[in-house]
Amino acid sequence: MSGGEIEEDDERRRQRKLEEALEVKSLRRIITAYLNYPDAAEEDVRRYERSFKKLPPAHKALLSHYPSKFQDLRRCISMNSYFIFSMLQAFEPPLDMSQDVDGCDDPHLENFGHEHCHSEERNASSCCSASTSGRMCCSNHAQACSQERSCVMNNPTAQEVQSEHQLVSISGSSAGEVKNNKEISECCGNDVTDSNGNMFSSPHDSLDPSLQLNVPLVDVDKVRCIIRNIVRDWAEEGKKERDQCYKPILEELDALFPNRSKESPPACLVPGAGLGRLALEISCLGFISQGNEFSYYMMICSSFILNNTETTGQWTIYPWIHSNCNSRSDNDQLRPVSIPDILPASAGINEGFSMCGGDFVEVYNDSSQIGVWDAVVTCFFIDTAHNIIEYIEIISRILKEGGVWINFGPLLYHFADMYGQEDEMSIELSLEDVKNVAFHYGFELEKEQTVETTYTANPRSMMQNHYHAAFWTMRKKRTSAT
């Protein structure tokens, strides 16, 4: 081997080491954000208590129930923490989380935290298929943006972090039930209780060696967004939103592919799959369905719900406790939500259901993906792009001739307000321009309408943000004789 080849190999090894270090740092930050949930929530309650104590006695007397409400909030936080810690116990990190990334002398890693103060690090990884036993598997990925309805959606950065594919599916009994409280208490952190009042503790030390880091408020909010997203995808309370968004898509797919064959089912890709419900429902229709998701926050949670649920209503969460604004009553704010509303493993999924972790552009802008998919479904997704034209170009490329693109959602461009980040690209087209770009890349419009909907909304809140979402079906033109 020549000196030049040796240097090239050394450079590749250095780059791989750097990329893995960046990914470990990313995953540590995300796990730390989850683990910090009870502490951050407790600080909110203490802030409420401090404000209450400042009231004059006559005003306090009008709110005599408030001390009791504060304790109720703490019980709700404890139940949410129980779910989060159980989820993290089931999570198998794809990398050696004990490695010393802080000791890396690469200047790129040293500057990494400063470069990503408003976004999460990411990785791009390949996919894993569901087994014939019906277990769903999710591979890894990370990232988020701090927009209103997309606080845990993808926010790519200039630093690319690649990784080999990693399954995050768990075999055996459900990790949702804590097997041994004594075993958990050995890695004690904040005590939380389950629905029966049993106390167990956060697995802080076993999951993340850098827990003493200060967790940015933006990361705290991402965890709370995940809790609200769980309601949208996996609770009976989210059915109204799912009926507004997912049901029209499912009905359209069913109508467009009426003669689906079990021997050769059509293949459908769902970029921006979130917590996986839409991709699962498409699989249940008889499609080979693949969800693609970019957020590690989402992937950790979706893997847990898909793989570690034994019964419907197994978990109870309190998704609306983190805001005192626009509540009609304390009971509305403190109401429990049971999840999941269906048992994923018994939902009737089609063999071939999978979740693929990674950036849509990186994963699917590959020659192996050309002309692979019969359908692409994008729901609240296309506005997550730095360059929406690139998204449309890739969707056209990966569809078969005659394949369909079903889109549902607004155009709330995620990078439109990235103030102070001059190099952050954001192409923000009108709906008319989006459709014209699609026509340029060989699409024909077959159906279009506007649908009013919400996104992770509290249905009992006094404030409701509504979207007039674009819902269309486009078909890729055939260029050859059939």
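Trainee: What ground rules apply here?
Mentor: The model is predicted, with local features needing pLDDT of at least 70 and side-chain atom pairs counting only at pLDDT 80 or more, while totals for chains, interfaces and linings use all residues. Residues are numbered from 1 along each chain as its sequence is written, and side-chain values use heavy atoms, leaving out hydrogens and water.

Trainee: How many aromatic pairs are there?
Mentor: The count is 20, where rings of Phe, Tyr and Trp (its six-membered ring) pair if their centres lie within 6.5 Å; planes under 30 degrees apart are stacked, over 60 edge-to-face and the rest tilted. Tyr 66 and Phe 70 form an edge-to-face pair, because their centres are 5.7 Å apart and their planes at 75°.

Trainee: Which helix holds Tyr 66 and Phe 70?
Mentor: Both lie in helix 4 (residues 66–90), four residues apart, or about one helical turn. Helices are DSSP runs of H or I, at least four residues, and strands are runs of E, at least two, numbered from the N terminus.

Trainee: Is Phe 70 buried or exposed?
Mentor: Phe 70 is buried at 4% relative accessible area, whereas Tyr 66 is partly exposed at 24%. Buried means under 20%, exposed over 50% and partly exposed in between (1.4 Å probe, protein chains only).

Trainee: Changing topic, where does Glu 241 lie?
Mentor: Glu 241 lies in helix 10 (residues 239–256) and counts as buried at 6% relative accessibility. Its contacts (heavy atoms within 4.5 Å), not counting residues up to four places away in sequence, include Arg 232 and Tyr 455.
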